[in-house]
Amino acid sequence: MPLARSLSVTSLSGLEEWDEEFDLEDAVLFEIAWEVANKVGGIYTVIQTKARLTAEEWGENYFLVGPYVESNVRTQVELIEPTNPTLRRTIDKMNASGCKVYFGRWLIEGSPYVVLIDVAFTAWSLDRWKAELWDLCDIGVPWFDREANDAVLFGFLTAWLLGEFAAQSEEPPHIVAHFHEWLAGLGLVLCRHRQLPIATIFTTHATLLGRYLCAGNVDFYNNLAEFNVDKEAGDRQIYHRYCLERAAAHCAHVFTTVSQITAIEAEHLLKRKPDIVTPNGLNVKKFQAVHEFQNLHAQSKNRIQEFVRGHFYGNLDFNLDKCLFLFIAGRYEFSNKGADIFLEALARLNYLLRVNHSDVTVIAFFIMPARTNNFNVETLKGQAVRKQLWDTAQTVKERFGKKLYESLLVGQLPDVSKILDKEDFTIMKRAIFATQRQCQPPICTHNMLEDSSDPILNCVRRIGLFNSSADRVKIIFHPEFLSSTSPLLPMDYEEFVRGCHLGVFPSYYEPWGYTPAECTVMGIPSVSTNLSGFGCFMEEHIADPSAYGIYILDRRYRGVDESCNQLTSFLFQFCKQSRRQRIIQRNRTERLSDLLDWRYLGRYYIAARHMALAKAFPETYLYEPHDPTSTTGFRYPRPASVPPSPALSRHSSPHHSEAEDNEEDERYDEDLEAEKDRVNIRQPHTLGISKKKKKKKTFQF
């Protein structure tokens with residue numbers, strides 16, 4: 001289902017170099033989102049990672065606007081006096097009128113200015129503002145929807161802030177206000193209704209109705225044009241939220257989405273075709289380890305192996321050196337995130353590994369926060385047993401070393417039968433007996449509050465993967481975010497990802513997909529789908545994604561069973577790779593990092609802002625769209641050497657002979673291949689605008 005666009009995103013060269021540069025001294029950018037200095041979901045990552053690039057472009061004229069959350073402010077924000085005189089007068093006027101508005105620097109890379117509004121302090125105005133919203137837009141917000149109530153308060157306060165800033169400006173300002181998601185969208189609607197001199201942009205990272213429909217097991221993408229959107233929103237009791245989102249999309253000067261697949265969705269559900277697609281990037285510099293990322297993988301893998309030793313104590317009958325760590329992570333949306341198809345594929349993979357007598361063991365981690373009341377006692381016991389065994393081994397080693405040292409001092413070779421006495425053997429036997437367990441290793445690391453109705457646990461019961469000795473696939477469900485302070489698995493998420501071999505994200509609904517993107521910049525292969533923004537983006541830019549460790553699962557044009565078989569095939573072929581092949585693949589994956597850097601992808605946000613300025617201030621700015629049919633872009637070619645996946649190579653067996661391994665060594669030159677890849681991706685260039693007096697400012701795309 002193709003979507004015509006004003007700007008092409010089929011290649012990163014869809015935006016050409018600006019013919020003229022203009023500075024932004026007389027323009028101000030406000031970026032408004034509920035997740036400014038307030039981590040709730042993926043929008044936090046978008047804003048946080050993009051802040052440095054935007055601050056470099058706009059300098060002192062860039063302000064982020066979000067809610068004041070005291071616990072977050074204490075650890076993330078340095079409160080200071082406003083540096084901009086107009087903004088200082090604006091905040092003073094609002095505070096004198098019964099608001100609480102704070103100003104500071106967000107302590108992230110780029111140190112952007114933030115304006116934080118205490119929503120709860122003005123809750124006394126909620127009923128009045130709800131009535132005004134009804135009079136203006138015929139949108140009624142029910143009293144019990146706390147999130148929508150916050151959206152109303154935040155929207156009116158944001159519009160107040162922007163209107164007051166425009167009024168306090170000595171010269172007619174050129175203000176750009178960029179609103180993210182429906183929670184901030186009401187502010188945009190009010191700005192347009194009050195006819196404020198502001199260029200507005202609205203970005204939807206995922207449509208409300210789309211997320212709800214997909215969570216309800218609806219055949220979403222094949223019926224996009226058929227949905228009665230008002231009825232569907234009403235049936236799910238989100239009609240008022242949907243109205244706020246749709247109003248913001250239609251009132252904005254420029255409407256953007258984060259991926260092509262979401263653009264198609266927005267056109268049908270929000271009834272407006274996006275003006276431009278703005279793919280989400282990452283601050284790649286944060287994750288860069290240059291040549292160290294392979295060493296970091298080995299270090300983190302060792303820490304995961306330690307956890308596995310404890311978790312499977314008494315049943316550790318598999319070789320950890322031939323053990324592959326797979327994981328899925330994110331919001332606990334069982335179907336939307338693809339946990340259902342992943343579990344089914346693991347059951348089929350288990351069968352294939354067993355019938356092929358594979359010596360590979362797969363451990364699949366599910367990192368999805370759910371409601372729990374504590375750690376699982378058996379899981380904690382496993383880590384205690386592991387530590388006890390380690391302490392016992394150290395004790396015996398010290399005793400052995402002391403006796404060996406004394407024997408050598410007197411010039412005698414030690415009698416091995418006497419160096420270990422009965423007491424040593426007694427200590428070791430007691431330690432071995434402590435590792436015996438009468439039950440199988442647990443699936444879940446925590447005690448679930450709703451164990452009987454939990455989707456993952458119920459699916460595990462159905463497919464019968466209970467971590468038995470006969471199974472080649474083991475499952476560990478960790479229903480909370482990873483933390484370095486955890487007594488169970490003391491690792492941060494980034495460190496954990498580096499230690500895994502493959503990230504599996506077979507999402508049905510994923511507007512962008514930061515999890516596979518983070519895997520890519522850390523050099524970890526991943527599975528994505530052609531229904532995720534990330535997967536579609538990679539398909540557009542890489543001639544052979546699987547050779548670079550980006551496996552794209554077809555969930556749009558195949559049925560569930562076919563998609564599950566395809567995922568099983570991906571996993572099985574990955575299990576057949578040799579260690580050297582996995583190293584080669586990680587090198588290739590890591591080289592795709594620049595493709596996801598904000599230095600490239602930030603240009604689409606720049607284009608959106610320029611487009612909004614031209615629409616809001618046509619007497620000052622001129623927008624000249626570029627013909628998308630004439631754009632030519634680049635695509636990463638297939639690697640010059642043999643692809644690492646056995647499925648794509650000339651070998652029919654995963655077990656290569658020494659001759660074949662030597663031949664592969666000769667045909668693969670890491671430095672030469674890396675250099676060829678660098679030729680196919682352009683170096684980032686700085687985009688900006690500079691002021692030209694008495695002449696329209698022209699942006700060409």
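**Close-up views of the predicted model**

View 1. Residues are numbered from 1 along each chain as its sequence is written. The model is predicted, so local features need pLDDT of at least 70 and side-chain atom pairs pLDDT 80 or more, while totals for chains, interfaces and linings use all residues, and side-chain values use heavy atoms, without hydrogens or water. The largest cavity holds about 70 Å³ of space. Eleven residues line it, and Ser-259, Gln-260, Gly-533, Phe-537 and Glu-540 are the closest to its centre. A cavity is a set of points, on a 1 Å grid over the protein atoms alone, where a 1.4 Å probe fits but cannot get out; lining residues have an atom within 4 Å of a point. Points are joined across faces, edges and corners, and the volume is the space filled by probe spheres set on them. By class, the lining has seven nonpolar, three polar and one charged residues. Asp, Glu, Lys and Arg count as charged; Ala, Val, Leu, Ile, Met, Phe, Trp, Tyr, Cys and Pro as nonpolar; the others, Gly among them, as polar. Across the whole structure, the search finds six cavities of 30 Å³ or more.

**View 2. Helix H20 is mostly covered.** H20 spans residues 533–541 and gives the most to the lining of the largest cavity, with four residues. Helices (H or I, at least four residues) and strands (E, at least two) are DSSP runs, numbered from the N terminus. Seven of the nine residues of H20 are buried. These are Gly-533, Phe-534, Gly-535, Cys-536, Phe-537, Met-538 and His-541. Buried means under 20% relative accessible area, exposed over 50%, and partly exposed in between (1.4 Å probe, protein chains only). Contact means heavy atoms within 4.5 Å.

**View 3. H1 and H23 both line the second largest cavity.** This cavity holds about 40 Å³ of space. Its lining consists of Thr-49, Arg-52, Leu-53, Asn-283, Asp-597, Trp-598 and Arg-599. Helix H1 (42–58) and helix H23 (598–616) are the elements that give two or more residues. H1 supplies the largest share, three residues. By class, the lining divides into two nonpolar, two polar and three charged residues.

**View 4. Nine strands form an open sheet.** The strand order is E3-E4-E5-E2-E1-E6-E7-E8-E9, with mixed pairing. E3 (77–79) and E9 (276–277) are the edge strands; each has a single partner, so one side of each is left without a neighbour in the sheet. Two strands pair if DSSP finds at least two bridges between them. E1 (residues 27–32) and E6 (residues 174–180) run parallel, paired over six bridges. Here Leu-29 stands opposite Val-176 in E6.

**View 5. E4 pairs with E3 and with E5.** E3 and E4 (residues 101–106) are antiparallel, with three bridges. Gly-104 in E4 is the bridge partner of Leu-79. E4 also runs antiparallel to E5 (residues 113–117), joined to it by five bridges. Val-101 has Ile-117 in E5 as its bridge partner. E4 and E5 form a hairpin with six residues between them. In the turn, Gly-110 has a positive phi of about 100°.

**View 6. Ala-37 and Asp-138 have positive phi.** Neither residue is glycine. Phi of Ala-37 is near 55°. Ala-37 sits in the loop between E1 and H1 and is buried, at 2% relative accessible area. Phi of Asp-138 is near 60°. Asp-138 lies in the loop between helix H4 (126–137) and helix H5 (146–168). Asp-138 is exposed, at 56% relative accessibility.

**View 7. Leu-380 is partly exposed.** Leu-380 belongs to helix H14 (residues 377–409). Its relative accessible area is 32%. Leu-380 touches Phe-375 and Leu-488, leaving aside residues up to four places away in sequence. From C-alpha to C-alpha, Leu-380 and His-311 are 8.3 Å apart, though 69 residues separate them in sequence.

**View 8. The whole chain gives the setting.** The protein chain has 25 helices and 19 strands. Of its 701 residues, 58% count as buried. Among contacts between residues at least 6 apart in sequence, 76% join residues at least 24 apart.

Terms used: On a 1 Å grid over the protein atoms alone, a cavity is a set of points where a 1.4 Å probe fits but cannot get out, and a pocket is an open set with protein on both sides within 12 Å along at least five of seven lines; lining residues have an atom within 4 Å of a point.
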